Amino acid sequence: MSTTSPDEATVEAVGRVTEALETIERARGHLYSFHQLTGSADLALGEAVDLLEKAGHREQAERLRRELVGRNVLEGRWTFQVIEEYEDVYYDAFRALERQVRDDLTGGRRHLAEAAMKEDRRTHGEAHHEATPNDAQES
């Protein structure tokens, strides 16, 4: 673990690794949206099938129930299984490796590039431009 301040090139490189992780976090969120939307659609389809049956359209209702309600979205998988596999195979490894890179190269400190940008862009001494939450409480 590095105890000195990393150089600009290292800060930029580590920042890009973290930025990539942030994109992965968004992708994971979209998987959860996919999961919830697909589940909601399946439940709504089940209700629609019941309505078709009550309206006397038994053949269409039976076909939808048999072929589509509860169907796998990928071979052998419902959406929760897609998420679990994504997390186990890719997401967990990505998070662990991003943290290891930060630990090794920045002493575990996060968002160093953003912190430098904030320091450069803020108006020193102006309310709501404090460097840290502790500085704001001291004002």
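**Aromatic rings and a helix**

Reply: In this predicted model, Tyr-90 has a relative accessibility of 39% and therefore counts as partly exposed.

Me: How is the ring pair of Tyr-90 and Phe-94 classed?

Reply: Tyr-90 and Phe-94 are four residues apart in helix α3, about one helical turn. Residues three or four places apart in an α-helix point the same way, because a turn takes 3.6 residues. The ring centres of Tyr-90 and Phe-94 are 5.7 Å apart and the planes stand at 70°, so the pair is edge-to-face.

Me: Is Phe-94 buried or exposed?

Reply: Buried means under 20% relative accessible area. Phe-94 has 19%, so Phe-94 is buried.

Me: How many aromatic pairs are found in the whole structure, and how is the pair of Tyr-86 and Tyr-90 classed?

Reply: The search finds two aromatic pairs. In the pair of Tyr-86 and Tyr-90, the ring centres are 5.8 Å apart and the planes are at 50°, so this pair is tilted.

Me: Which residues do the ring pairs link into a cluster?

Reply: Tyr-86 and Tyr-90 both lie in helix α3, four residues apart. Tyr-90 also pairs with Phe-94. The cluster is therefore made of Tyr-86, Tyr-90 and Phe-94.

Me: Where does helix α3 bend, and what do its buried residues pack against?

Reply: Helix α3 covers residues 79–106 and bends by about 45° at Glu-87. Its buried residues include Tyr-86, Glu-87 and Phe-94. The buried residues of α3 pack against α1 and α4.

How values were computed. Residues numbered from 1 in each chain as written. Predicted model: local features only at pLDDT ≥ 70, side-chain atom pairs only at ≥ 80, totals over all residues. Heavy atoms only, no water. Bend = angle between axes of the 7 residues up to and from the residue. Helix = DSSP H or I, 4+ residues; strand = E, 2+ residues; numbered from the N terminus. Buried < 20%, exposed > 50% of the residue type's maximum accessible area, 1.4 Å probe, protein only. Contact = heavy atoms within 4.5 Å. Phe/Tyr/Trp six-rings, centres within 6.5 Å; stacked < 30°, edge-to-face > 60°.
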